[in-house]
Amino acid sequence: MAEKPLRVLVGKVGLDGHDRGAKVVAQALRDAGMEVIYTGLRQTPEQIVETALQEDVQVIGLSILSGAHMQLLPPVLEMLREQGSHDIIVIVGGIIPREDIVYLKDQGIAEVFTPGSSTENIISFIKDRIMQNQ
Amino acid sequence: MSDQDNKIQLDERKKEWLGKLNEILEKYPERKQFKLDSDLELETVYDPLSLDGFDYTDKLNWPGEYPYTRGIQPTMYRGRLWTMRQYAGFGSAEETNERFRYLLDQGQTGLSVAFDLPTQIGYDSDHPLARGEVGKVGVAIDTLADMEILMEKIPLDKVSTSMTINSPAAVLLAMYMAVAEKQGIPMDKLNGTIQNDILKEYVARGTYIFPPRESMRLIVDIFAFAGENIPAWNTISISGYHIREAGSTAVQEVAFTLSNAIAYVEAAIAAGMEVDQFGPRLSFFFNAHSNFFEEVAKFRAARRVWAALMKERFGAKNPRSMMLRFHTQTAGSTLTAQQPDVNLMRVAYQALSAVLGGTQSLHTNSRDEALALPSEQSVLLALRTQQVIGYEIGATDTVDPLGGSYFIEKLTDHIEEEVLRYIKRIDDLGGAVEAIEKGFIQKEIQASAYRYQKEVESKERVVVGVNSFTVSGEQPIDLLRMDPATSQRQVERLKEVRLSRDQGKVSEALQQLRKAAKTSENTMPHILNAVKAYATLGEICGVLRDVFGEYQQQITL
């Protein structure tokens, strides 16, 4: 029996328009057999959560390089909890200082990938986590 | 010996040498296949045969002579070094003003303003979408009051200012003019650049507001208004920098930038302007990436292609219209979070390639930019890098020192040919605006970005400290932290300005702007009036959003 492909939302949160990383990751996830929903630029936390629920994804991958991560990421987690979605994992890529990473993980971000991360690591991280959840 | 005999003899001797080379290669194969970022496979060595039929006058000529391959001035850096212009801006106008004055004290020769994202997208600091973004990647500017603080005690007749602003460029330029007027500076003494290059926003940088055609109209309004009122101002900086950061190759960077430039020239001509009326005020902005010789050749090729386009395609007569003048920034995307001090070396080599390529102005990135906004200490080191190149190593003592190198000339020719091929493809699609609307340019850039990432992950491309020569247990370096109270203070100042201004004057100015936007009347004088009445950036852009509509991103994945 063929396995159902993993569904992942890849999105840019906030006003930052640098989407090279988000697009490269989206393409790599697709090449790895996942179904990727790419939101495009300038998404609010509300829009991200709404799309994630509508599209029934297992993973949300957010990209942010503008430094607004401390204000824009925690609301995503809060809204997911409010909606009763405890099994969607949220990962983040971008320019994020070390001490902020510690804080964001405390808040429930599963992993933060900083510049230089490989798409292979991201793919295996997602697969491992989803298997753990099942 | 005649040239022909000489060539025959060279041919024979090369064949002999190739025979020996092949014997060696059988025993000791080369490390890998060598190629450029632009995918050209490189030969083991370049020699006179690589440049068969090369005509010095036609291809190079002397510096300051058409087609300006060797530089736009006869003396280049023997006369004056490039402008050392570090891009800076963060937090409030007060904090950025302090950083500006620090950099000027350290020997920087021009200012370069980074605006925060709400400013770049035409939102006031209290707009809901500005949440978390105020003062982050640049300074927050809501009204003329902020610009007055930003430029306090900075002599605008002596310092040239570059402002990285695109969609709302007209508004920020108007604010700058209004501050200069208050400082009592004559408009013809104002020197600087607004980026004002909207086309690359749709494909690479994302800070668009209006649809492409409406944006083009605003740009042409600025060309016409600035041409009459601030004659020394560079009205556009057509930017390949962000195209490269988004993942393009060196060839694509030049090709897409020059295609965008062609679109601007055509738009201005269609609006009734003469090419030599605005041609001398067009300027460019390129990236200095890591493949050293390819980058040097890229800058030289870009000058040659542009000179020919302006002369032959657009019939420019003024040599200044044909000279491609450019600012360069080292490649932020090549900087690594791992072993950040290694970034100092990357930046130094990239900067040297820009200098050997003949740049007019340079920004060197700071070592900590893959981790956070640069700290003052890192910015100082980055500026010192330029000063070492400018004053210590002799790179500036003769003009175009790599000119005539078999390798550099062959690369320059190759990049020129490939750029022309791309420009033709874009022309066939109907020009840059059409090519962007069809998603062609976006897809080309994405394909290159993906290829680059694959090469890094397969280690075909070595990135020191990332996929090779890694260390564990790295020491953290001191990072700049933003004061979270900045955003609140900015919102409070905005409220105060709204309360203290003459509301009737603001409404009248905005109404006049709305009328002009609906017709073909130049919008700039009305934007200037609105700014002087302390209308906010958000209010002015709001009027234009109403009239022009907003751009909906085309997702090309």
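In the predicted model described here, B:Ile426 lies in helix H16 (residues 406-429) of chain B, where helices (H or I, at least four residues) and strands (E, at least two) are DSSP runs numbered from the N terminus. At 1% relative accessibility, B:Ile426 counts as buried, a term that stands for under 20% relative accessible area, with exposed meaning over 50% and partly exposed in between (1.4 Å probe, protein chains only). Not counting residues up to four places away in sequence, B:Ile426 touches B:Phe256, B:Ser259, B:Gly431, B:Ala432, B:Ala435, B:Phe440 and B:Ile441, contact being defined by heavy atoms within 4.5 Å. The C-alpha atom of B:Ile426 is separated by 33 Å from that of B:Thr44, the two residues being 382 residues apart along the chain.

Residues are numbered from 1 along each chain as its sequence is written, and chains are lettered from A and ligands numbered from 1 in the order in which they are written. Because this is a predicted model, local features need pLDDT of at least 70 and side-chain atom pairs count only at pLDDT 80 or more, whereas totals for chains, interfaces and linings use all residues; side-chain values use heavy atoms, with hydrogens and water left out.

Between the two chains, 39 residues of chain A are in contact with 41 residues of chain B. The area buried between chain A and chain B is about 3300 Å², of which carbon and sulfur atoms give 53%; buried area here is the accessible area (1.4 Å probe) that two parts lose on being put together, summed over both. Of the area that chain A buries against chain B, 24% is supplied by A:Leu15, A:Arg20 and A:Arg42, more than by any other three residues.

Within chain A, the 14 residues of helix H3 (residues 69-82) should span 20 Å at 1.5 Å a residue, and the end C-alpha atoms are 20 Å apart, which agrees; the expected span is 1.5 Å times one less than the number of residues in the helix. The buried residues of H3(A) are A:His69, A:Leu72, A:Leu73, A:Pro74, A:Pro75, A:Val76, A:Leu77, A:Met79 and A:Leu80, and they pack against helix H2 (45-55), strand E3 (59-64), strand E4 (89-94) and helix H4 (98-107) of chain A. H3(A) is followed by A:Gly84, whose phi is positive, near 80°.

In chain B, helix H6 (residues 169-182) also has 14 residues, for which 1.5 Å a residue predicts a span of 20 Å, in agreement with the 20 Å between its end C-alpha atoms. Of these residues, 12 of the 14 are buried, so H6(B) is largely enclosed by the rest of the structure; the buried set runs through B:Ala169, B:Ala170, B:Val171, B:Leu172, B:Leu173, B:Ala174, B:Met175, B:Tyr176, B:Met177, B:Ala178, B:Val179 and B:Ala180. H6(B) is followed by B:Gly184, which has a positive phi near 75°.

One residue of H6(B), B:Met175, is in contact with B:Thr143, which, leaving aside its neighbours within four places in sequence, also meets B:Leu494, B:Val497, B:Tyr534, B:Ala535 and B:Thr536. B:Thr143 is placed in the loop between helix H4 (117-120) and helix H5 (144-150) of chain B and is buried, with a relative accessible area of 1%. Its contact B:Tyr534 lies in the loop between helix H21 (524-532) and helix H22 (537-548) of chain B and has a positive phi of about 70° although it is not a glycine.

A positive phi, of about 45°, is also found at B:Gln339, again not a glycine, in the loop between strand E9 (326-330) and helix H14 (342-356) of chain B; with a relative accessible area of 18%, B:Gln339 is buried. The peptide bond from B:Tyr66 to B:Pro67 is cis, with omega near 0°, and B:Pro67 lies in the loop between helix H2 (56-59) and strand E1 (83-84) of chain B.

B:Glu492, in helix H19 (residues 485-500) of chain B, counts as partly exposed at 38% relative accessibility.
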